[in-house]
Amino acid sequence: QVQVVESGGGLVQAGGSLRLSCAASGRTSSNYAMVWFRQAPGKEREFVAAVSWTGRSTYYADSVKGRFTISRDNAKNTVYLQMNSLKPEDTAVYYCAAGTIALGVSASYYTHTTNYNYWGQGTQVTVSS
């Protein structure tokens, strides 16, 4: 079992920045690929960014590419999502998840919620205009 806990959400003005953290604990949690999804009211959960378990490969949704950066510190079992140039449309609950994903798979594999076994409770990000 792996436990995942997000933190760092809040209210920020458009153009501002936030850094989300995701702490994973449990059996060999550093061997899991980690991902951020988000869900806005009335919308489906959507992929934001992912990082392979080694940290060498990262993947982003087109909507956040160039503005968000995902990284991981396996020594601390923590994944970060640095969000810059935030827009009102980034407002959502952000969820972190962990999954067993082999290296070398297609990037699209990281974008499906069904490939992740362990989910956090989410953290609210609100961007005001």
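Author: Buried means under 20% relative accessible area, exposed means over 50%, and partly exposed lies in between (1.4 Å probe, protein chains only). This is a predicted model, in which local features need pLDDT of at least 70 and side-chain atom pairs count only at pLDDT 80 or more, while totals for chains, interfaces and linings use all residues. Residues are numbered from 1 along each chain as its sequence is written, and side-chain values use heavy atoms, with hydrogens and water left out.

Reader: Is Cys96 buried or exposed?

Author: Cys96 is buried, with a relative accessible area of 0%. Cys22 is buried as well, at a relative accessible area of 0%.

Reader: What joins Cys22 to Cys96?

Author: A disulfide (a pair of cysteine sulfur atoms within 2.5 Å) joins them, with an S to S distance of 2.0 Å. Cys22 lies in strand S3 and Cys96 in strand S9 (residues 92-99), so the pair ties together parts that are 74 residues apart in sequence. Strands here are DSSP runs of E, at least two residues, numbered from the N terminus.

Reader: How many disulfides does a search of the whole structure find?

Author: The search finds one.

Reader: Turning to the sheet, in what order do the four strands come?

Author: The order is S1-S3-S8-S7, in an open sheet with antiparallel pairing. Two strands pair if DSSP finds at least two bridges between them. S1 (residues 2-7) and S3 (residues 18-26) are joined by six bridges, and six bridges also link S3 with S8 (residues 78-83).

Reader: Which residue in S8 stands opposite Cys22?

Author: Val79 does.
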